[in-house]
Amino acid sequence: MHNYLNIGEIAVITYKERNGDIVTLRFQHGQERDMSFALHCIAEYDPAFTVLLASSEVTV
């Protein structure tokens, strides 16, 4: 699995569902709050998740 950021994206979060499906969520500028909420929920759901952040200015 290769994660990458597209132009305009602030974060990409990838995690595994209980049924084994891999889910990738992509967040654009303006979705910082949504990304932060998703990150906290997914961290509890699947501690082995991965996340790419566009810059150190994005806070979670």
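**Close-up views of a predicted model**

**View 1. The buried residues of helix H1.** In H1, the residues Met35, Ser36, Ala38, Leu39 and Ile42 are buried. Seen down the axis of H1, the buried residues fall within an arc of 165°, so they line one face of the helix. An α-helix has 3.6 residues a turn, so residues three or four places apart point the same way. On the face of H1 turned away from the buried side are the exposed residues Arg33, Phe37 and Glu44. The structure shown here and in the following views is a predicted model.

**View 2. The length of helix H1.** Helix H1 covers residues 32–45, a stretch of 14 residues. At 1.5 Å a residue, H1 should span 20 Å, and this agrees with its end C-alpha atoms, which are 20 Å apart.

View 3. H1 lies across S1, S2 and S3 and runs at about 20° to S1.

**View 4. The open sheet.** The order of the 3 strands in this open sheet is S2-S1-S3, with antiparallel pairing. S2 and S3 stand at the edges and have a single partner strand each, so one side of each is left without a neighbour in the sheet. From one strand to the next, the twist averages 10°. Strand S1 has 8 residues, of which 7 are buried, so S1 is largely enclosed by the rest of the structure. In a regular strand the side chains alternate between the two faces of the sheet.

**View 5. The pairing of S1 with S2.** Strands S1 and S2 run antiparallel and are joined by 7 bridges. Glu9 has Gln28 in S2 as its bridge partner. Thr14 is bridged to Thr24 of S2, and Lys16 stands opposite Ile22 in S2. The hairpin of S1 and S2 has 5 residues between the strands. In this hairpin, Gly20 takes a positive phi near 95°.

**View 6. The pairing of S1 with S3.** Strands S1 and S3 pair in the antiparallel sense, over 4 bridges. Thr14 stands opposite Thr50 in S3. Thr14 also has a bridge partner in S2, namely Thr24.

**View 7. The whole protein chain, for orientation.** The secondary structure of the protein chain consists of 1 helix and 3 strands. Along the sequence, these elements follow the pattern β-β-α-β. The protein chain has 60 residues, of which 27% are buried. Of the contacts between residues at least 6 apart in sequence, 40% join residues at least 24 apart. The accessible surface of the protein chain comes to about 4,300 Å², and 53% of this surface belongs to carbon and sulfur atoms.

Technical notes:
Residues numbered from 1 in each chain as written. Predicted model: local features only at pLDDT ≥ 70, side-chain atom pairs only at ≥ 80, totals over all residues. Heavy atoms only, no water. Helix = DSSP H or I, 4+ residues; strand = E, 2+ residues; numbered from the N terminus. Buried < 20%, exposed > 50% of the residue type's maximum accessible area, 1.4 Å probe, protein only. Contact = heavy atoms within 4.5 Å. Areas by Shrake-Rupley, 256 points an atom, 1.4 Å probe, with all protein chains shown as cover. Expected span 1.5 Å × (residues − 1). Arc of directions from axis to C-beta. Pairing = 2+ DSSP bridges. Axes fitted to C-alpha atoms, helices over the stretch in contact; angles between N-to-C directions.
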